[in-house]
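Thanks for asking me to look this one over.

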Amino acid sequence: MQTASGGSNLDSSRTNGRGLLMDQSSGARSSDKPENSPTRQNKSKSEITDMVRSSTITVSDKAHILSMQKFGLRDTIVKSHLVQKEEDYTYIQNFRFFVGTYNVNGQSPKECLRPWLSHSAQAPDVYCVGFQELDLSKEAFFFHDTPKEEEWFKAVSESLHPGAKYAKVKLIRLVGIMLLLYVRQEHAAYISEVEAETVGTGIMGRMGNKGGVAIRFQLHNTSICVVNSHLAAHIEEYERRNQDYKDICSRMQFSQVDPSLPPLTISKHDVILWLGDLNYRIEELDVEKVKALIEEKAFQTLYAYDQLKIQVAAKTVFEGFTEGELTFQPTYKYDTGSDDWDTSEKCRAPAWCDRILWKGKNISQLSYQSHMALKTSDHKPVSSVFDIGVRVVNEELYRKTLEEIVRSLDKMENANIPSVSLSKREFCFENVKYMQLQTQSFTIHNGQIPCQFEFINKPDEESYCKQWLTAKPSRGFLLPDSHVEIELELFVNKATATKLNSGKDKIEDILVLHLIRGKDYFLSVSGNYLPSCFGSPIHTLCYMREPILDLPLETVSRLTLMPVQTADDRSQLENPLEIPKELWMMVDYLYRNAIQQWAKGANNHSVAEALLLFLESLPEPVICYSAYHKCLEFSGNCVASKQVISTLPTFHKNVFNYLMAFLQELLKNSAKNHLDENILASIFGSLLLRNPAHPQKLDMTEKKKAQEFIHQFLGSPV
C-alpha cells in the first residue's frame with residue numbers, strides 16, 4: 001500500500017445506487033486531489049490509504065432503496081415497508097466525530113497541526129475540518145487555483161490522529177472557504193451518496209469571499225450534512241450575518257442519485273454539523289471591559305453580550321441548533337505569532353468568531369475548545385468532539401424483516417384497483433411576484449390498496465406542469481390507509497418572467513395526478529402575476545414612464561412584445577426615457593448611499609443585489625446576444641470593442657454607458673469601498689455578456705474574456 005500525504009480518494013465520488021463509488025467531478029469551485037500525492041516523510045504508525053476504489057453497501061440502505069430510477073410496484077412496496085420498519089432491523093452505534101474550524105488569515109501552514117487535530121487520546125472515526133481565509137489573494141478570489149489548498153490539505157493529512165488509518169472522502173473549496181472530510185479506512189465501505197456544494201454571499205450577495213461550502217453523505221443508514229461558512233464581518237453587521245446564514249440554507253442544494261427527485265437542502269438530513277468563522281461579535285461592551293472579563297475568566301458574563309447567543313434566542317438564525325458551553329477565551333483577534341490581543345491601529349475587541357453548532361438526535365458533545373498553541377493566524381483554531389449515534393443494519397434482523405414483508409405482500413396482492421381521495425383540487429395563487437416563492441399544499445389519502453402515484457405530462461407537453469410550478473414530491477408510493485402531503489411551489493424567475501409580464505403566459509395550469517393501475521385526478525391551478533421590471537426588456541422599460549403596475553395589461557403586453565428594432569425608431573412612438581427609470585433609481589441610490597462604503601448595511605446590500613438581479617433577468621442582455629462573439633474576439637482591442645458598443649441598439653448602448661460611468665465613480669472611491677477593476681469586471685462581465693448558446697453560465701475561458709472586455713471600459717470615460 002502506498003502512503004500519501006492525503007487521504008484516499010473517495011473524493012469526487014458518489015454511489016451509483018448499488019453501493020459502488022463512481023467518479024464524479026465537482027466542478028470549477030470544488031477541488032480534487034490526484035491519486036498519487038507526495039510521499040509523507042517521517043510517517044507515524046498511521047498510514048493514509050492511496051485509494052478506496054469501491055464499497056459494498058447493504059441493500060437495506062434507505063437512501064438507496066428509494067432512489068432507484070426504475071422500479072416495479074412490488075419492489076416499491078417492499079422498499080417502503082423496509083423504510084417504515086427501519087427500527088426493527090437497525091441499531092444505534094456511536095461514531096466519534098472530530099469537527100474543527102480555523103480562519104488562517106491567508107497564511108501558509110507554519111506549524112504542526114496535531115495540537116488541534118490529534119489532541120484527544122481516542123482516534124476519531126470521522127474528521128470534518130474547515131478553513132476560512134485560506135487565500136486572500138485576488139487570484140483565489142476569481143476562482144483560480146491556489147497553492148494554499150494543497151499546503152493546508154497536506155498539513156491536515158499529516159496531522160491526523162496517529163492511532164488510525166484514514167481515507168479522504170471529499171475536499172470542497174470556494175475561494176478561501178475549504179472543507180475536508182476524512183473517515184477511518186474501515187468505515188469507508190459504509191460511506192455513500194457523497195455530494196458537495198458551495199454558496200457565495202460576498203460582494204453583492206454573490207462573490208465567494210464570504211459564503212459557505214458543504215458536504216453531505218450517508219454513513220450506514222444515517223444522512224449527515226457538514227457546513228463550513230464564513231459570514232459577513234464587522235460588529236454592526238449582525239443582520240447581514242443573519243441573512244448570509246439564511247441565504248446559505250435556502251441556496252445550498254444537493255442533487256440526488258435519482259435526477260427526478262428534488263434536490264436535498266441542508267435541513268433534510270438526520271445530522272447537521274455547522275462550523276466556521278460566523279463572525280458574531282461581543283456588543284455593548286468596550287474593548288477594555290471585554291479584556292477585563294476575559295482576564296477574570298468570566299466567560300458566562302461575557303457570553304450574555306455575544307451576538308450569536310442573542311440572535312439564536314431571538315430565533316433569527318440557527319433555530320433548532322445547539323452549541324456547547326463556551327469555556328475558552330475568545331478566538332479573535334490576536335497579533336499573528338503570539339497570544340497577545342490585537343495591538344494594531346484598529347485594536348479589534350476580542351470575540352468568539354469561530355463556532356461549532358449541531359442539530360439532530362443521538363448527538364453527545366464530548367469537548368468544545370480552542371487551541372492556543374497554534375499562532376499562525378490572528379484567529380485560534382476551535383475543535384469539538386462528538387459521539388454521534390448512527391443507524392447500523394443488523395443483517396440477520398434485516399433478512400427476517402424482509403421475509404415478513406414479502407410474506408405479507410403475497411397475501412395482500414390482488415387485482416383491486418387503487419383509489420385515493422384528495423383534500424383539495426383547486427389552487428389559487430394571488431399576487432405572485434418575481435422570485436417570491438408561494439406554496440400551497442394538499443393531502444393524498446390512500447384507501448386499502450397500495451398505490452404508486454405520479455404527475456404525468458398532458459398530451460404534446462414536455463413536462464407535467466409549467467416551468468414556474470413544481471410539485472414536491474412529484475411521484476411516490478402509498479401503503480394502505482396512509483397519506484402524503486404534496487406541496488405545490490410557484491416560483492417565477494428570469495426564465496419565466498418575460499412571458500408572464502407580456503401576457504403570453506398566465507398563472508393557469510392543469511395537473512394530472514395518475515395512479516398506476518388506477519384513475520387520473522385533475523388539479524386546477526390559477527392566479528395572477530404582478531408584472532415588474534424584472535424580466536422586462538430594456539427598450540420596453542424605456543417606454544414606460546409610469547410604474548409597470550400602473551399601466552394597463554394591454555399596454556404592458558404591447559411594449560414587452562415590441563421588437564427592439566421598432567423601439568429604435570422613435571418617430572413612430574411616444575418620447576421614451578434614455579434608460580429605464582428603475583435602473584436609474586437603483587444606481588442613484590447606490591451612488592448617494594454606498595459609493596464609499598459599498599454594500600455596507602442591509603439596505604445598501606439589498607439594492608446592490610436587486611441591481612444584479614435586474615441585469616441578470618433581462619431577456620436580452622445589455623450587450624445583445626448578436627454582439628457576444630465579437631465582444632470576446634475584441635476583448636484585447638479597446639478601439640474595436642468601443643466600435644462594437646457603438647453598434648448596439650440605442651437603449652442598450654445608453655444602459656451600457658450609464659453602468660460604466662457608475663462603475664468608474666465607484667473606482668474613484670476604491671480606497672474606501674475596497675472595490676477594484678478586477679472585482680467589478682468579474683461581476684459585471686458575466687451579467688452584461690451572455691453566450692446565446694448557453695446563457696445561464698459562462699465557462700472559465702469565456703468568463704475571462706468577458707472580464708477583459710469590461711475591464712477596458714473601467715479605466716477611462718466611455
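How many nonpolar, polar and charged residues does the lining of the largest cavity have?

1. A word on the source: this is a predicted model, where local features need pLDDT of at least 70, side-chain atom pairs count only at pLDDT 80 or more, and totals for chains, interfaces and linings use all residues. Residues are numbered from 1 along each chain as its sequence is written, and side-chain values use heavy atoms, leaving out hydrogens and water.

2. To the opening question: the lining has 2 nonpolar, 2 polar and 3 charged residues (Ala, Val, Leu, Ile, Met, Phe, Trp, Tyr, Cys and Pro count as nonpolar, Asp, Glu, Lys and Arg as charged, and the others, Gly among them, as polar). The lining residues are Glu193, Glu195, Arg216, Ser255, Gln256, Val257 and Leu264. A lining residue has an atom within 4 Å of a cavity point, and a cavity is a set of points on a 1 Å grid over the protein atoms alone where a 1.4 Å probe fits but cannot get out.

3. On confidence, the chain has an average pLDDT of 86, and 85% of the residues score at least 70 (pLDDT is the predictor's confidence in each residue, from 0 to 100).

4. Now the helices (DSSP runs of H or I, at least four residues). The axes of α16 (residues 581-593) and α20 (residues 650-668) come within 11 Å and cross at roughly 10°; axes are lines fitted to C-alpha atoms over the stretch in contact, with angles from 0 to 180 degrees between N-to-C directions. The two helices are therefore roughly parallel to each other (angles under 35 degrees).

Notes. Parallel < 35°, antiparallel > 145°, perpendicular 65-115°, else oblique. 1 Å grid on protein atoms, 1.4 Å probe; cavity = no way out; pocket = protein on both sides within 12 Å on 5 of 7 lines; lining within 4 Å.
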